[in-house]
Amino acid sequence: MKIIKGIWMAFKNLRLRSKLILSFICLISIPSLVIGFGFYNTSSKIISDNTRENIFNIVKKNTQIIDIKFSRIEESALTMVVDPDLYRLFEGYNAEDESNLLRLNYQMSVIISKYFSMYEDVYSAYIVTSKFSFGSNSKMFIPQGAFYKTSIYSDAVEAKGKTSWIRTYDFTDMFNQKELKNTNLDYRYMFAAVKLLNISTVENQNYYDGTYSSPVIKSLNSNVERPILILNFQENIFHELYSSSLPIKEAVYYIIDRQGNIISHPDKAKLNTKETPVWLQEAIQKGTGSSYVNINGHKTLVCYDTSKVTGWISAFEVPVDKTLSSLTVVRYYTLYLAIGITILAIIIAFLISGRIVQPIKKLLKAIRSIGEGNFPNRIMAVGNDEMGILVDNFNIMNEKIQKLIEENYEVKIREKEAHIMALNLQLNPHFMSNTLNTINWMAIENNQSEISKMIMSLSTMLQYTMRNTTEMVRFKDDLDWLKSYVFIMKNRYEDVFEVEYQFDERLYDTMVPKLFLQPIVENAIIHGFEIIETGGYLKITGSIENGIRNFAVEDNGKGMTSEKILKVMKSDENSIGIKNIDKRVKLLFGEEYGLHIESQEGKGTKVCIRIPYDG
Amino acid sequence: MKKAIKILSLMLIVSFVFGTALVGCGSTNKEPVKADASTKDAADAAAKKEPVTLKFTYWGSPIEKKAVEDCVKKFQEKNSYITVDGMYIPSADYLTKITAMIAGNDAPDLGYMDVSMAFKMAEEGKLCNINDFLAKDSELKKEDYLDNIWYNWAPGKSLGTNSACESIALLYNADMIKAAGVETPPTKAENAWDWDKFVETARKLTIDSNGKNALDPAFDYKNIKQYGVQFPTTWQYYMPLVYSNGGDYVNDDGSKLALSSKEATDAIQNLADLVNKYHVAPSPVQQRSMPAPSVGLQSKQVAMIIAGQWNLLDLGAAKLNFGVGVLPKLKKSVTMVFGSPTVIFSGGKHPKEAWLLYKWLQNPESSIDLQAGGLWMPLLKDWYTKPELISKWAENNPAHPEGYKDAIMKQTTENGVSGPAYYVKDFSEIDAIIAPALEQVWLGNKTAEQALKEVEPRVQEKLKGRYNNKKQ
């Protein structure tokens, strides 16, 4: 649990790209491994099932082949028993005359070859009597006296005429031929079919009218010796068939009888010996089938079948790991495929995660620099996907934030500037106002009406600025203040200039930025009329046109060069007021509004202010 | 959503392409590279010559079969435009099969053949005259072959030679000779034992179950443990002695049976006496219960055998300490040459190529394993005279012991008489009468003279004369 948690934590702490790559690799390689594993398991099951069935079929087919051969040979032996020629030869059988035996041998050999020469598998065929073994000696011989002491003979007698099959025997042991033990005998190991020949024949009497009498069955006189047919087979016929059909070279075949005597085996040393393989009991019980057994610690597939003719069991022992050698191909194939897919996954993961992470990296960088207060330029959006939209939105957001910050920050600054300016003018207004009233009364008592008027104007100005702390004010109030200001300035400059006011009456109740005309008027008086002694003319107007309020302050002073205008607009210590007004108007009403200066040197200056009119 | 499908399908395609690429790599089968020289030659030759297929039939033991297969394979490699369809037929079925093939107009181009049948077919014009091929051949002349191996059915007409040369000799177990303390059978013709010497030696070598030899008065011939000599009772084994005694099978023009003449009956009687008088050889009935002579030598059941030289193969393979000697002589030391012919069937489409294969099969070089193994002897004179060729087969191998060159090789070329099958017309039919008659002789029921005189009239009816082959 802890480990999982640890891994989870480690995963959580990974960079996004690593996470993505890891996820991709997992997503692709885990299924491919699971599929591969499943594929391997399924195919190994199919292969081993198929192998089992195939090998079993081979064993069955081999047994069938052998059975067909042997049963045909048995049939021939059966037909031979009732061969009329053979009957005739034995009817007058005289074992005492040796020359007769030799002559009989020619005739018997013809009969034997008639029945058995077509079977390639029959190595030698003899009709054995106590005196003579009839048949061709071209390949081997039957030791005369010894035959009657063999188990072959007793088996044949016991079977009473039925064919019995003799398991592989050693010729030198069976016939007690010790002298031949050390010679090279082609017929050292053979197995045999023997049959006691109860020779008889069926005779049909043929009448001239074409009918037949009931057949007459004739048997040999009971005192005539019953010969024994022995058909020898080389163990090779099993060896050739089975070794050529071995599914793999490590497989081993057995032809074994129910007592465990080995009839055929690839290891010739095992011939004619006894062995009890672990599967023998099962094979005896079931007759035919297949199963897995453990032989010397190796899992081994055993397929067995029982011959219907001989009763011998034929079996294949196949080491399982060797049968599945084709599986290693599948195993490697699956492995290579999984590796290939994983590599592919890594490449794809790198490519895809790169594409996903790249814009995020850019965003991160942008955000970091925003954090530091630097607003970057637009980030290039890649594509139209979610990332693209995110980058686009980020760009928009970025711009808005920039704007908001600017608005918020600068409005505050302008306000403060205006306020400070007003405070400067206020300077303890109550004390000033009271003082001014006292002075006013003193002036009236002394008939100094000019002084009284000026003091009244100053007082009005003070009260206005003291009373009004809001940004926007009624234009009528602001204009009253401005008129007081102009009256004072006029007296100060001893009537250097005349003033004319001209306003649309609708303007009086509209709201305007506080004291917005004062810096312009001040500028016109202080700078415009700087050099003239008399004749100055100041015209202050206000009109409404297409929903826009146009205020203008016009003078006929010294005017300005265009450079000077630019300087004034770009803030200069002398005319900070004018630039301030422009900014305030723009902040309050938008970029399209603001201040505009027209001037000609020596002729005068006209400053216009555009403010929207709503209502 | 659409986009998701687009991406998914794109990925599927990518993985599919990669997947198939991988699968493709895995399952690419390498074309077996088989541009070896022989197929290249074959291609060249095929461009030059029309391909030819020859059918060749033969019999023989498993060893012979393999050797012939190898020999034919080498022939095909050398003559790449010729394909040889080699048909092995077990000897028991051989004549039946060939008869059926000829009747079915499917005769082979060339093949082994039974002597009597070959002569009959040659007379019917079904076989090629090998002399015609030799006359045109630039490499070989008739004189290059041994003289006593030709089957001539008429003057100037020959159906061919033996498939291989075979002759009869005396083979013995050297250990048994040494143990009995008798003389080793001589290898040179001039030293050949006379009959008495041979009988005496055989008697010394015959031992009963009490350990007494046949010279001992107390010898028990009914319980013989070791025979002095063994010989099969067919014509191949008595005829050498008949020739040695100046006899023959038929007279010079083939009009009369010569086997019933004194020279012949004496020789046969001498052999029969070995069985019935001296009890030093097993009778045919006793032989039925004995292993083959070459095995008998190994198992020490018999000390000497009158046998075909091909037994050297088994004896050599068994690593037995054995020796070879010339046959005992009656009047002169001879051996008999025999075998069965290889023939070229007439009416084949490719006689030229058949002759090429015929020559190839006759060339000891191409079947050197069988020559050196002891089964066959070469057909060409040079292989008996030129030391460098002799050393290729008759020396330094287990099948050719010391003395072989004198006792068999030299004896075959210098004193080898062609057997009756080379010249007696209808030999098989005549032998079918004589063999059962002689059985009475081998069993001791009749003398050779009696038995042969009895059947003489019946044989006389069958006599049709002699083929051109003169007695050598």
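## An exposed lysine in chain B

In this predicted model, K262(B) counts as exposed, because its relative accessibility is 58% and the cut-off for exposed is over 50%. K262(B) belongs to helix α10 of chain B, which covers residues 262–276.

How far apart in space are K262(B) and V242(B)? Their C-alpha atoms lie 9.8 Å apart, with a separation of 20 residues in sequence.

## Chain B as a whole

Chain B has 472 residues, and 53% of them count as buried. Its secondary structure comprises 20 helices and 13 strands.

## Where the two chains meet

Chain A and chain B together bury about 2100 Å². Carbon and sulfur atoms account for 61% of that area. Chain A gives 30 residues to the contact, and chain B gives 21.

What polar links cross this interface? There are six residue pairs in polar contact, with both residues at pLDDT 80 or more. The number of salt bridges between chain A and chain B is zero.

Three elements of chain A each supply at least two residues to the side that touches chain B: α4 (98–116), β2 (133–134) and α11 (325–371). Of the elements, α4(A) provides the largest share, with six residues. By residue type, this side of chain A has 14 nonpolar, twelve polar and four charged residues.

On its paired side, β3(A) is joined by five bridges to β4(A), residues 189–196. These two strands run antiparallel. One bridge pair here is S164(A) with V194(A) in β4(A).

Strands of a sheet pair through backbone hydrogen bonds, in either parallel or antiparallel fashion.

Strand β16 of chain A covers residues 536–545 and has a parallel partner in β14(A), residues 497–503. Seven bridges join the two. Across this pairing, E500(A) stands opposite K539(A) of β16(A).

β16(A) also pairs with β17(A), residues 548–555, through eight bridges. Here the strands run antiparallel. S543(A) has N550(A) in β17(A) as its bridge partner. β16(A) and β17(A) make a hairpin with two residues between them. In the turn, N546(A) has a positive phi of about 50°.

## A buried glutamine in chain A

Is Q518(A) buried or exposed? Q518(A) counts as buried, because its relative accessibility is 7% and the cut-off for buried is under 20%. Q518(A) sits in helix α16 of chain A, residues 518–528.

Leaving aside residues up to four places away in sequence, Q518(A) touches M421(A), W481(A), L482(A) and Y485(A).

Technical notes
Residues numbered from 1 in each chain as written. Chains lettered and ligands numbered in written order. Predicted model: local features only at pLDDT ≥ 70, side-chain atom pairs only at ≥ 80, totals over all residues. Heavy atoms only, no water. Helix = DSSP H or I, 4+ residues; strand = E, 2+ residues; numbered from the N terminus. Buried < 20%, exposed > 50% of the residue type's maximum accessible area, 1.4 Å probe, protein only. Contact = heavy atoms within 4.5 Å. Buried area = accessible area lost by both parts, 1.4 Å probe. Salt bridge = Lys/Arg side-chain N within 4 Å of Asp/Glu carboxyl O. Polar contact = N/O pair within 3.5 Å; in protein donor to acceptor, adjacent residues only side chain to side chain. Nonpolar A, V, L, I, M, F, W, Y, C, P; charged D, E, K, R; others polar. Pairing = 2+ DSSP bridges.
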